[in-house]
Amino acid sequence: MKRSSTCVSYFSLYIVLLVSIPSTLSQSSVLWKDGNGDLVDQICKKTPFYDLCNSTLHSNPLSPKTDLKGVALIMVNNILANASDTLSYIEGLIKQTSDHQMEQALAFCAETYIPIVKYTLPQAADAISQGRFGFASYCITDAMKDVNTCDKKFSGLAQSPLGDRNGFVQKLVDVASAIIKLLKG
């Protein structure tokens, strides 16, 4: 008799776990496909720049094969690629300019972008991989503050040569922030 009550107890525990585990899974481990479109479309509808999100994620062949966490990683890596490209662009402008004020502003921006590219955005990607979404959000927000500080260095000059690039990075950060918010939710 004792054995059958133990089996019933284990069976009851199994049923409780079976019912409760799906509700405790984070959204990052579940594909959002519900028959109303693909994962990317569903996620991008929840971001401030649907078209940018959609084109960025659809250009990556891994997007349709991943979950929400993977999509967040793809977006942060895209920000990193754009920030790296902007850093190279800044370094090229520094070599070309003869304007001392412009050179100083560009040098400041290069010094701002180096830690973004080498540390801040890679830390954001690592944090997402580890499920530390709050820290990931902090990292990309911090990177954006640095980009905005760079932009302000051109306020006394005619026009920022980085305005469009920094604006694009800002939009990517806004999309990534919205996706990470979904992960935190």
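# A tour from the cavity outwards

Start by selecting Ile79, Ala83, Ile116, Leu121, Ala143, Met144, Val147, Val169 and Val173: these residues line the largest cavity. The model is predicted, with local features needing pLDDT of at least 70 and side-chain atom pairs counting only at pLDDT 80 or more, while totals for chains, interfaces and linings use all residues. Residues are numbered from 1 along each chain as its sequence is written, and side-chain values use heavy atoms, leaving out hydrogens and water.

**Stop 1: the cavity**

Keep that selection on screen. A cavity is a set of points, on a 1 Å grid over the protein atoms alone, where a 1.4 Å probe fits but cannot get out; a lining residue has an atom within 4 Å of a point. Rolling a probe the size of a water molecule over the atoms shows where empty space is left. How many cavities of 30 Å³ or more does a search of the whole structure find? One. The largest cavity holds about 40 Å³ of space. Here, volume is the space filled by probe spheres set on the points, which are joined across faces, edges and corners.

Now colour the lining by residue type. Nine lining residues are nonpolar, none is polar and none is charged. Nonpolar covers Ala, Val, Leu, Ile, Met, Phe, Trp, Tyr, Cys and Pro; charged covers Asp, Glu, Lys and Arg; the others, Gly among them, are polar.

Which helices each supply at least two residues of the lining? They are H4 (68-96), H5 (100-129), H6 (133-152) and H7 (163-184). H6 gives the largest share, three residues.

**Stop 2: the whole fold**

Zoom out and switch to cartoon. The protein has seven helices and zero strands. Along the sequence, the pattern reads α-α-α-α-α-α-α. Helices (H or I, at least four residues) and strands (E, at least two) are DSSP runs, numbered from the N terminus.

Colour by burial next. Of the 185 residues, 37% count as buried. Buried means under 20% relative accessible area, exposed means over 50%, and partly exposed lies in between (1.4 Å probe, protein chains only). Then think about contacts, meaning heavy atoms within 4.5 Å. Of the contacts with a separation of 6 or more, 66% join residues 24 or more positions apart.

**Stop 3: helix H3**

Select residues 50-58. This is H3, where Leu52, Cys53, Asn54, Thr56 and Leu57 are buried. The buried residues of H3 pack against H2 (39-44), H4 and H7.

Move on to Ser63, in the loop between H3 and H4. Is Ser63 buried or exposed? Ser63 counts as buried because its relative accessible area is 0%. Leaving aside neighbours within four places in sequence, Ser63 contacts Leu39, Val40, Leu57 and Ile74. Draw a C-alpha to C-alpha line from Ser63 to Asp38: the two are 25 residues apart in sequence and 9.9 Å apart in space.

**Stop 4**

Select Ala178 in H7. Ala178 is buried because its relative accessibility is 14%. Not counting residues up to four places away in sequence, Ala178 touches Lys46, Thr47 and Pro48. The C-alpha atoms of Ala178 and Lys46 are 7.0 Å apart, although 132 residues separate them along the chain.

Jump to Tyr119 in H5. Tyr119 is exposed because its relative accessibility is 51%. Its C-alpha lies 9.3 Å from that of Cys139, 20 residues away in sequence.

Then pick Asn148 in H6. Asn148 is partly exposed because its relative accessibility is 33%.

**Stop 5: charges over rings**

Show side chains. A charge sits over a ring if NZ of Lys or CZ of Arg is within 6 Å of the ring centre and within 35 degrees of the ring normal. Select Lys153 and Phe108: the charged end of Lys153 sits over the ring of Phe108, 4.5 Å from its centre. Last, select Arg165 and Tyr89. Arg165 lies over the face of Tyr89, at 3.9 Å from the ring centre.

How values were computed
1 Å grid on protein atoms, 1.4 Å probe; cavity = no way out; pocket = protein on both sides within 12 Å on 5 of 7 lines; lining within 4 Å.
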